Amino acid sequence: MRKVTLSQEFFKYLMLFVLVVSFSSTYAQEDATSGEAKEASAEQSEESAVPGGDPAKGKELFNSLCAACHKPYSDAVGPALHGVTERREMDWLYEWIKNSQALIKSGDQQAVALYEEWNKVAMNAFPQLSNQDIDDILSYVEQPKPEPKVAVTADATTDEAKSGGGISNEIVLGILAFVLLMLSVILILVNKTLNRFAQANGIEVEDNKPKGKPIWVAFAENQFLVLSTVIVMLLVVAWYGYGGLMSVGIDQGYEPIQPIHYSHRIHAGENQIECKYCHSSARVSKHSGIPSLNVCMNCHKQIAEVAPETQAKGEQEFNVDYNAEIQKLYEATGWDPQTQSYSGESKPVKWVRIHNLPDFAYFNHSQHVTVGQIECQTCHGPVEEMEIMYQDAPLTMGWCINCHRETNVKMEGNAYYEKIHEELAKKYGVEKVTAAQMGGIECGKCHY
């Protein structure tokens, strides 16, 4: 009888399968690339609402002189300025902006009514502004409210995908998975058919599989492999067991969800707010402290909503509505942005603590921040880049001791350390004395 091998036939079908999958993958990649390449952008320039006004210059003047009390599209300490040129005449606006109190004292009915409507809050006088400067400011505030460009781009991309402008990756992967399944079924059926055909024609099918002992039997009979495997397994268990026990109580990377979403990336990064403005007790106290909500309201009394671009970025990249989070702050403090007043009904905010040392470890923020002049980022990581605050350092004893061994004590302007520094520098034969050489690694410094 003839002998045939099925490995060649199987190899042919396998090569056919590879070619089909490669072609499908190439098509999907080209389609995805062409879909991503389809972008459309249009910029429309808007004419100034005030003849002769320059909105760009007006924005600079508004931000430096007016933004503390006014917003273009919503009320603040003063009324929203958008549409003011329709409500008032230009000559009256010139007089009001340059010296509102003089206009009120003259008995002007519009000026008196506006003064009384807004709780008799006196508006600052700006006699240094020319009529052209005022035209520039009014031209800026009279611009239509800008649309979030980033959000529009995202919506357009989504609409394009929904309208069939491109095939999504999920559909392509689904098609490839279906093709793979069908080819696998076909190969199995072909293999069975060939075997039946060979048996029907009396053809002996050569089995290429080597015959021998099962692997586990051969392994069990080899004493050297068994002993080596047992030793390796014991070492692995000991290694991971030790690592697991040493990680107990270490919360590096801990990133809890807070009741109000606070973006350090925006505040400390983009707006460059100094850390100790909010955590002021870090200068003089053991604890850095959680800032009270009145610190937040120093700014957010005027900032009721973020820029459209910032809002769109938050929704797209971080799935957060910044404006809604500001409303949570208002609800907690009892602030009504419409009436610009407090209702007196406040609610506590249950912040979740992130950095927490055990009770037997003593740490003083003022000693490090004020005396040692250590930057906050040294222990807390790149806070200015964190959207959600997390624990950057392990805060273990070894981590603290290593820092004390590497950090030089700053002696400049500190007469207390002058004599000690001189003696220790001679003792250790160094120019700069580290915190460890000053006794910073003694047990009683942190545990007492």
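The structure is a predicted model, in which local features need pLDDT of at least 70 and side-chain atom pairs count only at pLDDT 80 or more, while totals for chains, interfaces and linings use all residues. Residues are numbered from 1 along each chain as its sequence is written, and side-chain values use heavy atoms, with hydrogens and water left out.

Salt bridges were examined next. A salt bridge is defined as a side-chain nitrogen of Lys or Arg within 4 Å of a carboxyl oxygen of Asp or Glu. Under this rule, eight salt bridges are counted. One of them joins the side chains of Lys145 and Glu305, with an N to O distance of 3.7 Å. Lys145 lies in the loop between helix H7 (131-141) and helix H8 (149-162), and Glu305 in the loop between helix H14 (293-300) and helix H15 (308-318), so the pair ties together parts that are 160 residues apart in sequence. Helices here are DSSP runs of H or I with at least four residues, numbered from the N terminus. Lys145 is partly exposed at 47% relative accessible area, and Glu305 is likewise partly exposed, at 38%.

A further salt bridge is formed by Glu270 and Arg265, whose closest N and O atoms are 2.9 Å apart. Arg265 is buried, with 11% relative accessibility, whereas Glu270 is partly exposed, with 47%. Both residues belong to a network of salt bridges that also includes Glu387.

Within helix H20 (residues 418-428), Lys426 and Glu422 are four residues apart, about one turn of the helix. Their side chains meet in a salt bridge at 3.8 Å, N to O. Lys426 is exposed at 65%, and Glu422 is partly exposed at 46%.

Helix H15 has as its buried residues Thr310, Gln311, Ala312 and Gly314. Just after H15, Asn319 adopts a positive phi of about 55 degrees.

Aromatic rings of Phe, Tyr and Trp (its six-membered ring) are paired if their centres lie within 6.5 Å; planes under 30 degrees apart count as stacked, over 60 as edge-to-face and the rest as tilted. Three aromatic pairs are found in the whole structure. Among them is the tilted pair of Phe62 and Tyr140, with 5.5 Å from centre to centre and 50 degrees between the planes. This pair links distant parts of the chain, Phe62 being in helix H2 (residues 55-66) and Tyr140 in helix H7, 78 residues apart. Phe62 is buried at 3%, as is Tyr140 at 17%.

Methods
Helix = DSSP H or I, 4+ residues; strand = E, 2+ residues; numbered from the N terminus. Buried < 20%, exposed > 50% of the residue type's maximum accessible area, 1.4 Å probe, protein only.
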